[in-house]
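Keep the selection tool ready.

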Amino acid sequence: MYRQDIKECDGGLVDPLGRLPAQDEDDASCHVTASICTTSGCVSEVEVRSRADFQSAMRRIGARTGEHWRWASPVQVSRGAKVRVELDARGEVRGIDITASSGNREFDASVRRAVERAQPFTEIQEVSEHSRGLLQRFQLTFGRPSSS
């Protein structure tokens, strides 16, 4: 499985690996489509995200992670945090990265602990091959991250 960005311009398809610049095409007449590719072909990321199996898996992952989240500090946090989670094929966490910090180290640590406690995310084994490709790396939001 891999992710592929395909650039298409009004004049047609441009090098899908993005190695060559579009000839005589300005960026305004081009768009990039992110696709999840497997041995059975490529499907746009937008389509995969709209599939029932992907949406159901993400809801279950979010709910279970939320059940494991503990934040009982008397310190008020004005914004939340976003975390990117990377999984292996069994649903075990391979990596956790805070992509938008709350500004509070203890809050961010509680987010990491919630993800660690909620694993394994076996939902990854219950979805289509393309959905599995997206579930190997996803983002969760805790609290209300700032809009920046």
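The tour below goes from the overall view to single residues and pairs.

**Stop 1: the whole chain**

Select everything. This is a predicted model. Its secondary structure comes to 4 helices and 7 strands. The protein has 148 residues, and 33% of them count as buried.

**Stop 2: the hairpin and its disulfide**

Select residues 30–38, which are strand 3, and residues 41–44, which are strand 4. The two strands pair in the antiparallel sense, over 4 bridges. A hairpin of 2 residues connects strand 3 to strand 4.

Show the side chains of Cys37 and Cys42. They form a disulfide, with the sulfur atoms 2.0 Å apart. A search of the whole structure finds 1 disulfide. The link is right-handed, with 110° about the S-S bond. Cys42, in strand 4, is also the bridge partner of Cys37.

Are the two cysteines buried or exposed? Cys37 counts as buried because its relative accessible area is 0%, under the 20% cut-off. Cys42 has a relative accessible area of 43%, so it counts as partly exposed.

**Stop 3**

Zoom in on strand 5, residues 81–87. It runs antiparallel to strand 6, and 6 bridges join the two. Pick Val85: opposite it in strand 6 stands Ile96.

**Stop 3: Asp97**

Stay on strand 6 and select Asp97, which has its place there. Asp97 is partly exposed, because its relative accessible area is 38%. Which residues does Asp97 touch, not counting those up to four places away in sequence? They are Lys82, Val83, Arg84 and Arg112. Draw a line from Asp97 to Arg112. From C-alpha to C-alpha the two are 8.3 Å apart, and in sequence they are 15 residues apart.

**Stop 4: the nonpolar core**

Hide the surface and look inside. The largest nonpolar core has 26 residues. Select Val83, Val115, Leu135 and Phe142: these have the most contacts inside it. Helix 2, strand 5, strand 6, helix 3, helix 4 (129–135) and strand 7 each give two or more residues to this core. Which element gives the most? Helix 3 does, with 5 residues.

Centre on Leu135. Leaving out residues up to four places away in sequence, Leu135 touches Phe54, Ala57, Met58, Ile61, Leu87, Glu123, Ile124 and Val127.

**Stop 5: Thr65**

Move to helix 2, residues 52–67, and select Thr65 within it. Thr65 is buried, because its relative accessible area is 1%. Show what surrounds this side chain. Setting aside neighbours within four places in sequence, Thr65 is in contact with Ala114, Val115, Ala118, Phe121, Leu140 and Phe142. Val115 and Phe142 were also picked out in the core at the last stop.

**Stop 6: a cis peptide bond**

Finish in the loop between helix 3 and helix 4, where Pro120 lies. Most peptide bonds are trans. Select Gln119 and Pro120 to see another kind: a cis peptide bond joins them, and omega is about 5°.

How values were computed. Residues are numbered from 1 along each chain as its sequence is written. This is a predicted model: local features need pLDDT of at least 70, side-chain atom pairs count only at pLDDT 80 or more; totals for chains, interfaces and linings use all residues. Side-chain values use heavy atoms; hydrogens and water are left out. A disulfide is a pair of cysteine sulfur atoms within 2.5 Å. Buried means under 20% relative accessible area, exposed over 50%, partly exposed in between (1.4 Å probe, protein chains only). Contact means heavy atoms within 4.5 Å. Two strands pair if DSSP finds at least two bridges between them. A nonpolar core is a set of buried Ala, Val, Leu, Ile, Met, Phe, Trp, Tyr and Cys residues joined through side-chain atoms within 4.5 Å.
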